Amino acid sequence: MNVFKIYRGFFLNEQAYPRAYFVQHSDYDPNFDLQTWLDHSAFDPLRTVYLDRIFPDQQDSQPGIPVQYTITNYKRRTGEISVDLQHNKDGFLVLNEIYYPGWRVYVDGQEREMLKADGLFRAVRVEAPMNLVEWVFQPRSFFIGGFVSLLTLSAMILFFIRSSLKRRSGHVE
């Protein structure tokens, strides 16, 4: 079975999952292993997302009406990903990007909890009907490192100023 098609000189995998997609249902499995589930015929990541924590059972306010969503304006810049999402039901926006704690997620400008999806990716809970979802890379280690560097630079400047003043006054230690 050939899953690739040649498009303008490039191989295109037509069976690849989208970079971002909406899922209404979630499940919790503390021992979730993506490799094991990929071999399982019942696994459909486009219908159910496996999260790293339990969410209360979501009541479908419109049973019988299929989930519909549109993702527009997917933008990826250094340290930032943004997505416009229109959807008819509450659920989860899954981003097929590696989960890393340094990322923060904002939905309509409000910070939300970033979830580990399918043991490897990122997700966020969203409410219908539309949302602007932004992931911003803001690792604590960067800010701690910047603070330590600033303290070190300040100490060095004070040391050189003090040494310079002592030399001018003739007091050399």
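Asparagine 73 sits in strand S6. Strands here are DSSP runs of E with at least two residues, helices are runs of H or I with at least four, and both are numbered from the N terminus.

A word on the source. The model is predicted, so local features need pLDDT of at least 70 and side-chain atom pairs count only at pLDDT 80 or more, while totals for chains, interfaces and linings use all residues. Residues are numbered from 1 along each chain as its sequence is written, and side-chain values use heavy atoms, with hydrogens and water left out.

Back to asparagine 73. Its phi is near 55°, a positive value in a residue other than glycine. Is asparagine 73 buried, partly exposed or exposed? Asparagine 73 is partly exposed, at 45% relative accessibility. The cut-offs are under 20% relative accessible area for buried, over 50% for exposed, and partly exposed in between, with a 1.4 Å probe and protein chains only.

Now the partners of that strand. S6 covers residues 69-77 and pairs with S7, residues 80-87, in the antiparallel sense over seven bridges. Pairing here means that DSSP finds at least two bridges between two strands. Tyrosine 69 has histidine 87 of S7 as its bridge partner. The two strands make a hairpin with two residues between them, and in the turn glycine 79 has a positive phi of about 75°. Threonine 78 is also in the loop between S6 and S7. At 86% relative accessibility, threonine 78 counts as exposed. The C-alpha atom of threonine 78 is 8.6 Å from that of phenylalanine 137, although 59 residues separate the two along the chain.

Next, the other neighbour of S7. S7 and strand S13, residues 130-137, run antiparallel and are joined by seven bridges. Across that pairing, isoleucine 81 stands opposite tryptophan 135. In the loop between S12 (121-126) and S13 we find proline 129. The peptide bond from alanine 128 to proline 129 is cis, with omega near 10°.

S13 also pairs with S9, antiparallel, over five bridges. Here valine 105 stands opposite tryptophan 135. How many of the five residues of S9 are buried? Five of the five are, so S9 is largely enclosed by the rest of the structure. In a regular strand, side chains alternate between the two faces of the sheet. In S9 both faces are covered, with Trp103, Val105 and Val107 buried on one side and Arg104 and Tyr106 buried on the other.

S9 continues into a hairpin with S10. Three bridges join these two antiparallel strands, and tyrosine 106 has glutamate 111 as its bridge partner in S10. Two residues lie between the strands of this hairpin. Aspartate 108, in the loop between S9 (103-107) and S10 (110-112), has a positive phi of about 50° although it is not a glycine. Aspartate 108 is partly exposed, with a relative accessible area of 45%.

Now lysine 5, in strand S1, residues 4-7. Lysine 5 is partly exposed, at 37% relative accessible area. Leaving aside neighbours within four places in sequence, lysine 5 contacts Phe10, Phe11, Leu12 and Glu14; contact means heavy atoms within 4.5 Å.

On to the whole protein. The secondary structure comes to two helices and 13 strands. The C-alpha trace spans about 90 × 45 × 35 Å along its principal axes. Of the 173 residues, 28% count as buried. Of the contacts with a separation of 6 or more, 60% are between residues 24 or more positions apart.

Last, which residues line the largest pocket? They are Phe22, Val23, Gln24, His25, Leu46, Arg47, Val67 and Tyr69. A pocket is an open set of points on a 1 Å grid over the protein atoms alone, where a 1.4 Å probe fits, with protein on both sides within 12 Å along at least five of seven lines; lining residues have an atom within 4 Å of a point.
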